[in-house]
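Open the structure in your viewer and keep the sequence panel beside it. We will go from the whole chain down to single residues.

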Amino acid sequence: MVKNSFISVISKKENTENRGSVEFQVFTFTTKISSLTSHLELHKKDSSSQRGLRKILGKRQRLLAYLSKKNRERYKELIAELDIREKKTR
């Protein structure tokens with residue numbers, strides 16, 4: 001997995017801050033998702049990794065929904081920083 005320089009800048013910044021924050025959790029889930037996605041491109045029939053990916057996607061989606069309800073500005077900043085497209089919430 002090739003790390004993006006922007007992601008490494010975020011991780012260095014976040015190492016000094018609260019690791020339990022919603023932003024840090026979403027960041028770690030995003031890195032796990034990209035890692036699992038690259039793994040699944042090689043191993044298409046790995047069903048346990050597919051299940052893990054779906055679980056992590058759901059966790060990230062719930063955290064983003066929580067953040068969008070609590071603080072819309074932080075949510076938009078995080079979406080822009082991590083280059084995650086905004087999904088419509090119910």
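**Stop 1: the whole chain**

Show everything as a cartoon. Keep in mind that this is a predicted model. How many helices and strands does the protein have? There are four helices and zero strands. Following the sequence, the pattern reads α-α-α-α.

The protein exposes about 7000 Å². Carbon and sulfur atoms supply 51% of that area. Of the 90 residues in the protein, 31% are buried.

**Stop 2: helix H2**

Select residues 22-42, which form helix H2. At 1.5 Å a residue, its 21 residues should span 30 Å. Its end C-alpha atoms lie 31 Å apart, so the two values agree.

Next, colour the buried residues of H2. They include Val22, Glu23, Val26, Phe29, Ile33, Leu36 and Leu40.

**Stop 3: the aromatic pair**

How many aromatic pairs does a search of the whole structure find? It finds one. Select phenylalanine 24 and phenylalanine 27 and show their side chains: these two form a tilted aromatic pair. Their ring centres are 6.2 Å apart, with 45 degrees between the planes.

Where do the two sit relative to each other along the helix? They are three residues apart in helix H2, and therefore separated by about one helical turn. An α-helix has 3.6 residues a turn, so residues three or four places apart point the same way.

**Stop 4: threonine 30**

Stay in helix H2 and select threonine 30. Its relative accessible area is 15%, so threonine 30 counts as buried. Which residues does threonine 30 contact, leaving aside its neighbours within four places in sequence? They are Arg60, Leu82 and Ile84.

Now draw a distance from threonine 30 to isoleucine 56. The two are 26 residues apart along the chain, yet their C-alpha atoms are separated by 8.6 Å.

**Stop 5: helix H3 and its partner**

Select residues 47-70, helix H3. H3 has 24 residues and reaches 35 Å from first C-alpha to last, close to the expected 34 Å. Its buried residues include Ser49, Leu53, Ile56, Gly58, Arg60 and Leu63. What covers the buried residues of H3? The cover includes H2 and H4.

Show side chains where the two helices meet. On the H3 side, look for Leu64, Leu67, Ser68 and Lys70. On the H4 side, look for Arg72, Arg74, Tyr75, Leu78 and Ile79.

**Stop 6: aspartate 83**

Last, select aspartate 83, in the segment after H4. Is aspartate 83 buried or exposed? With a relative accessible area of 71%, aspartate 83 is exposed.

Check its backbone as well. Phi of aspartate 83 is near 55 degrees, a positive value in a residue other than glycine. Most residues other than glycine have a negative phi.

Key: Residues numbered from 1 in each chain as written. Predicted model: local features only at pLDDT ≥ 70, side-chain atom pairs only at ≥ 80, totals over all residues. Heavy atoms only, no water. Buried < 20%, exposed > 50% of the residue type's maximum accessible area, 1.4 Å probe, protein only. Areas by Shrake-Rupley, 256 points an atom, 1.4 Å probe, with all protein chains shown as cover. Expected span 1.5 Å × (residues − 1). Phe/Tyr/Trp six-rings, centres within 6.5 Å; stacked < 30°, edge-to-face > 60°. Axes fitted to C-alpha atoms, helices over the stretch in contact; angles between N-to-C directions. Contact = heavy atoms within 4.5 Å.
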